[in-house]
Amino acid sequence: MKNMISALLLGTALTLASAGLASAQDKTVKIGALSDQSGLYADLAGPGSTLAAQMAVEDSKLKDKGWKIDIISGDHQNKPDIGTTIARQWFDVDKVDVIVDVPNSGVALAVNNVVKEKNGVYINSGAATSDLTNAQCSPNTVHWTYDTYMLAHATGQALVKAGGDTWFFLTADYAFGAALERDTTAVVTANGGKVVGGVKHPLNTADFSSFLLQAQASKAKIIGLANAGGDTTNSIKQAAEFGIGKGGQKLAGLLLFLTDVKAIGLDTAQGLNFTETFYWDLNDQTRAFSKRFSERMKNSAPPTMVQAGVYAGLMHYFKALDALGGNPHDGAKIVAKMKEIPADDPLFGKGEVQANGRVIHNAYLFEVKKPSESKSPWDLYKLVGTVPGDQAFTPLDKSSCALLKK
Amino acid sequence: MQALYAQLLVGLINGSFYALLSLGLAVIFGMLNIINFAHGALYMMGAFVAYFLLNLGGISYWWALLIAPILVGIFGMILERTMLQWLTGLDHLYGLLLTFGIALIVQGVFQNYFGSSGLPYAIPDQLKGGVNLGFMFLPIYRGWVVIFSLVVCLATWFLIEKTQLGAYLRAATENPTLVRAFGINVPRMITLTYGLGVGLAALAGVLSAPINQVRPLMGADLIIVVFAVVVIGGMGSIMGSIITGFALGVIEGFTKYYYPEASNTVVFVLMVLVLLVKPTGLTGRAA
């Protein structure tokens, strides 16, 4: 009898082991790069993000270890319904394991739900909303590059401390703008400043003169631009036209990307302060990566922080897969592994994936160079300060993520 | 109250772009019966030509105001000769689809080479700075845009409504066969008219280059509003489109002040209302 029980146990154990072995041997991965491929965020994410994903696949060397990795890309056109339709199709039909990038907070939050429902992996780099790791956090989501909390704290705090204690907001009228305004307002008031007014403008506005006049009339010391992409470049360009800088008011571009600064031109953009977590010219490693990257980009552009985040996020994902020894096709399990392994990559340096999915790494305060200081077409920023990761991002005890309440 | 004056003026500035663009559309529709969906793309090309002239040839903004409309106008005339002319007499839908396709191709090509975030184009030195009007700070360049486009609009209206050439044109629209019988080369006149409409779009593009980014999608974002302007003003009415252009700019400006969230929609709400009350548009006659 005793023998029989042990035989049964042995049998069960063997079955379990072989089942485990079977899944561990599955070394196929399919990556979906979901982005704005042709609209206002296409330059800061878009095709460059797909390239970053390809480079991550190559640099991971997983193919040498017998892995088969495919990448497909999709255009969500900044519409949540299109984004979720693509995501569903990718999971159901194309058997995608991981969705990366997804700029536009509105689309990002919608896709977040789909990935959770399908138990995939979601490495978001392009979206800003801090809700992804707070109210709407998910065991399947890692938010890599930046978020509104970080932008608000780094830039907002620096400006209020420098005397900018009254604020007026120009806010893009959707999830991202609302989140950024909310987080910045919290920082401004916490530091003794005051928000004197604001205006919500529709996404993709060509003319800001009306809004800028209202900002000018408010007499606020700081005009906070809680918008992104083409909206930000147009606001900054037209603010210069209306003499806003000369009148003593200062513009705060809460979210500026490399491609935005390039598009505005140094003449107009010089002196702007803002925060990013990556810049191509930070150190030897970022320069080496950026050189390889820009050689393969159509217009030789170096990577933006969003594109760098796609690369770094995927590299970390591959580390987790490698540690698991195979692809379990279980999103939550892989993300749990990603949280276990300390993050360390050439682009963002050392960091960690927190329990709420937020990735913690340094944030950098930059100032746009004067035209005379710039030595090459993409030599645009100078570093004016570094905010350590644990101070830049939401502290875990302040995160409203349900995953943290156990 | 001061804020209102300021918004009124800002509205007029935007209105000048609407007026210039809808005028070009009205000319083309009135004379050729083509709903020119490529108008936004041609406007964008005007801005890009100005950018190239400055950065590759060192040719200033002032020359660009002249050269860009001519170059883009020639491009338009080639389009008309090679493609649009075969659609004469067919349903409007064909012209609309053809020009829409052309717009997508042109935008796609520009986006492929220049990305979506655009290129910087500085305000010419002579028009830099601004004047304090008491109720607002008016950038000189914006003032220039209003005056210049008003002059161009009125000149175009004069050309079509008050000159001999304009009379031929209008006659050719009514009855091309008869006008031909008088020995006038109607096809050539139609080609030139299309060139004129396209040139107006390109001119608006050059004017907007220093204000907005020179972006491949700058026209696509604007063209839908401009179509609404044309519909409200009455398809094909020259003066109607000029007045509606400026008026809607002002209405939009006020919306941006009182209820900014609706500023992208207000033009379309008005369009719906006008179509319900007067389906031919404010100044249009029944076909």
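Modeller: Let's start inside chain A: the C-alpha centres of its domain 1 and domain 2 are 27 Å apart. Keep in mind that this is a predicted model, where local features need pLDDT of at least 70 and side-chain atom pairs count only at pLDDT 80 or more, while totals for chains, interfaces and linings use all residues. Residues are numbered from 1 along each chain as its sequence is written, and chains are lettered from A and ligands numbered from 1 in the order in which they are written.

So what are the two domains? Domain 1 of chain A is made of 27–146 + 282–356, and domain 2 of 149–276 + 363–387; bounds like these come from an automatic or database domain assignment. Where they meet, domain 1 of chain A puts in 17 residues and domain 2 of chain A 18. In contact, by the way, means that the C-beta atoms of two residues, placed from the backbone, lie within 7 Å.

Now look at the side of domain 1 of chain A that touches domain 2. Helix H4 (105–118) and helix H12 (305–324) of chain A are the elements giving two or more residues to that side. H4(A) has the largest share, with three residues. Helices here are DSSP runs (H or I, at least four residues), strands are too (E, at least two), and both are numbered from the N terminus. By type, this side of domain 1 of chain A holds 10 nonpolar, five polar and two charged residues. For that sorting, Ala, Val, Leu, Ile, Met, Phe, Trp, Tyr, Cys and Pro are nonpolar, Asp, Glu, Lys and Arg are charged, and the others, Gly among them, are polar.

An unreviewed UniProt entry carries the annotation "domain: Leucine-binding protein" across residues 28–369 of chain A. Its positions are given in the numbering used here, feature names are shortened, and annotations may be inferred rather than shown by experiment. Over residues 28–369, chain A is 44% helix and 21% strand, with the end C-alpha atoms 45 Å apart.

Chain A has a neighbour too: 35 of its residues are in contact with 32 residues of chain B. Helix H1 (2–32), strand S2 (137–139), helix H9 (218–233) and helix H10 (238–258) of chain B each bring at least two residues to chain B's side of that meeting. H1(B) gives the most, six residues. This side of chain B has 15 nonpolar, 13 polar and four charged residues.
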